[in-house]
Amino acid sequence: MAKRIEASNVSSYYGNFKAIDNISMTVEPKSITALIGPSGCGKSTFLRSINRMHEVLPNARIEGRLTIDDQNIYDPDVDVTAVRRMIGMVFQRPNPFPTMSIYENVIAGLKLNGVRKKSLLDEAAEKTLRSANLWDEVKDRLNRPGAGLSGGQQQRLCIARTIAVEPQVVLMDEPCSALDPISTLAIEDLMFKLKDRFTIIIVTHNMQQAARVSDKTGFFSIDKTGDPGRLIEYDDTQKIFSNPTEKKTEDYITGRFG
Amino acid sequence: MSLLEREEPGVVMTPHNLRARKLHWMAEAGVALAALIVAGALILGTGVGNWVLVLFVGWVFYLIGLFAVATRVEGRRSARNRMWKSLIYSACLLAILPLASVVWTLLSKGTGRLDGDFFGSSMNNIGARDPGGGAYHAIIGTVEQVAIAALLAVPLGVLGAIYLVEYGRGKFATTVRFFVDVMTGIPSIVAGLFILAFWVLIVSPWFNNGTPRFSGFAASLALTVLMLPTIVRSTEEMLRLVPGPLREGAYALGVPQWKTIMKIVLPTALPGIVTGVMLAIARAAGETAPVLLVAGGFSAINFDPFSGNQSSLALFVYEQAGDASKFAPDRAWTAALTLVAIVLILTIAAKLLARRSRIS
């Protein structure tokens with residue numbers, strides 16, 4: 001069920017400001033792709049373009065083609081909510097819905113998309129909490145508020161919430177940057193597990209994490225502030241971290257950045 | 001020499017010593033007492049004023065004295081801190097004082113007519129020499145008018161606020177927001193006059209064979225005009241407080257925008273919205289002028305808000321307070337107490353409901 005994502009010549013704008021310039025990359029199904037690069041280089045913008053989340057901001061638009069299994073998600077007759085159901089997203093800060101319990105949080109996507117049957121919801125809740133490695137920790141307090149969990153648990157709750165609607169692709173925008181190393185490890189384990197079912201794209205500032213979890217890595221950079229972000233190099237993670245083609249990539253991953 | 005060492009000669013806070021002397025609370029109480037005694041002697045002795053002036057001058061002396069004493073004991077920085085703290089506490093006390101006074105006056109004077117007659121009968125056929133009479137008709141009027149006004153204003157106001165926060169862009173939204181702000185400042189009598197001119201004189205004749213007609217519903221309309229801006233503004237502020245990532249979290253699940261608003265944004269902002277709505281309702285329940293202008297006031301019971309004059313508690317208080325009968329002031333006080341009690345009960349009930357809908 002995982003799908004291939006293909007970006008060709010994608011440029012993204014906020015009003016007149018060009019955030020990313022001419023990005024082309026192909027993401028294979030059932031793989032983990034890491035996007036790395038300095039702050040403000042357009043990684044997140046590119047990620048958010050993939051499920052049209054950047055359209056939440058007024059005046060945001062893109063040029064170029066973004067396809068998921070050869071279907072252009074920016075075609076005028078494409079329903080944006082359908083795109084987002086197919087391409088889920090996990091955010092930098094855990095954002096469980098504060099008015100909902102753990103159980104309600106997990107099934108929020110299903111319920112708000114019209115699934116009513118209690119047995120179906122119960123089943124989905126347990127299944128996704130198990131796949132998110134969270135079931136054992138919360139099974140006794142499913143009716144407690146989701147905001148009462150620890151940061152790492154909240155983030156896994158948000159991942160559970162995302163995969164509960166059975167997307168094809170999961171986008172993760174620095175999912176571990178607010179978490180401690182142990183919670184980070186738990187999420188990375190989870191990513192390996194989810195790789196069998198989903199295509200995962202993760203933005204991260206943690207290069208060890210990129211090296212650990214991903215199959216392919218894309219390095220984004222900007223020349224100077226105000227310039228659009230560019231994809232400098234996109235290759236197998238092994239290659240990027242051992243023998244990058246571009247000098248810029250090597251400088252960045254070895255810390256000689258500037 | 002470091003900054004710390006230089007600062008206050010005689011104060012023992014140096015890089016080598018973090019301890020500083022503290023003013024004992026007994027000393028502070030002593031300063032307060034001394035200030036009061038001095039002020040009392042000065043003012044009552046010379047006969048320039050009464051105890052209110054003594055309190056005020058005593059308070060000023062206390063602040064000055066406290067600053068002087070604390071400077072000697074603790075140094076200037078701590079003294080300044082102490083003085084400001086006292087100032088803020090007394091400001092808080094001063095702000096609570098009128099409220100306490102109102103509650104006390106209402107409770108002490110308003111219980112005189114708390115009897116079955118008051119809640120069970122109207123003022124129909126009650127003359128100036130009759131001790132009985134009640135506010136039943138006024139309570140009915142207030143409840144009906146405020147309920148109808150809330151039914152009209154709450155959905156309109158909340159939906160308007162949702163438009164302004166979630167959808168409104170560009171000139172139109174700015175214009176709407178501007179007029180909502182302007183409407184917040186409308187005096188209630190103007191709202192009453194507007195409904196009198198528009199509804200009572202122009203629209204109501206259509207429903208009443210060509211003759212204009214007062215009604216409780218017209219009062220509800222005027223109250224709606226008054227409640228709307230309050231509800232829109234407070235709801236708007238509450239909706240803006242809902243973090244963007246929550247909305248994005250819902251969008252990312254493929255939830256359409258309207259459902260995100262209904263199921264995620266509104267529930268999150270609900271306690272704040274309820275507070276705003278209750279403030280608006282409390283204000284509307286206390287309005288006299290619009291009811292007087294467009295419902296006309298009535299001394300008998302009228303259950304029908306759509307036809308015929310109605311009274312309301314606020315109007316009842318106004319009438320009874322100005323009445324020549326020696327029994328009227330008691331009725332006015334009890335009616336005022338009743339009005340405050342109704343608003344208080346409504347507020348508490350709404351808060352409880354809003355809290356229950358949140359999981360704990």
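This is a predicted model: local features need pLDDT of at least 70, side-chain atom pairs count only at pLDDT 80 or more; totals for chains, interfaces and linings use all residues.
**From a strand pair to a chain contact**

In β7(A), Met172(A) is the bridge partner of Val90(A).

Look next at the faces of β6(A). In a regular strand the side chains alternate between the two faces of the sheet. On one side of β6(A) sit Ile87(A) and Met89(A), on the other Gly88(A) and Val90(A). These four residues are all buried, and both faces of the strand are covered. Helix α6 (residues 151-164) of chain A lies across β6 and β7. Its direction is at about 175° to β6(A).

Now widen the view to the sheet. Six strands of chain A form an open sheet, in the order β6-β7-β8-β3-β9-β10, with mixed pairing. The edges are β6 and β10 (230-236) of chain A, each of which pairs on one side only. Neighbouring strands are turned by 15° against each other on average, direction ignored.

Step back to chain A as a whole. It has 10 helices and 10 strands. Its radius of gyration is 18 Å, close to the 18 Å that the globule rule gives for 258 residues, so chain A is as compact as a globular protein of that length. The C-alpha trace spans about 55 × 45 × 30 Å along its principal axes. Of the 258 residues in chain A, 47% are buried. Among contacts between residues at least 6 apart in sequence, 69% join residues at least 24 apart.

Turn to the packing in chain B. Nonpolar side chains tend to be buried together in soluble globular proteins. The largest nonpolar core here has 138 residues, and Ala218(B) and Ala222(B) touch the most other members. Helix α9 (residues 216-241) of chain B gives the largest share of this core, 14 residues. Beyond its neighbours within four places in sequence, Ala222(B) is in contact with Ala191(B), Gly192(B), Ile195(B), Pro290(B) and Val294(B). A second, separate core of 7 residues includes Val31(B), Ala35(B), Ala39(B) and Ile43(B).

Last comes the contact of the two chains. Chain A gives 25 residues to it and chain B gives 18. On the chain B side, α10 (244-251) and α11 (257-285) each supply at least two residues. By class, that side has 10 nonpolar, 3 polar and 5 charged residues.

Notes: Residues are numbered from 1 along each chain as its sequence is written. Chains are lettered from A and ligands numbered from 1 in the order in which they are written. Two residues are in contact if their C-beta atoms, placed from the backbone, lie within 7 Å. Ala, Val, Leu, Ile, Met, Phe, Trp, Tyr, Cys and Pro count as nonpolar, Asp, Glu, Lys and Arg as charged, and the others, Gly among them, as polar. A residue is buried if 20 or more other C-beta atoms lie within 10 Å of its own, exposed if 12 or fewer, and partly exposed in between; C-beta atoms are placed from the backbone. Two strands pair if DSSP finds at least two bridges between them. The radius of gyration is taken over C-alpha atoms; the globule rule is 2.2 Å times the number of residues to the power 0.38. A nonpolar core is a set of buried Ala, Val, Leu, Ile, Met, Phe, Trp, Tyr and Cys residues joined through C-beta atoms within 7 Å. Axes are lines fitted to C-alpha atoms, for helices over the stretch in contact, and angles run from 0 to 180 degrees between N-to-C directions.
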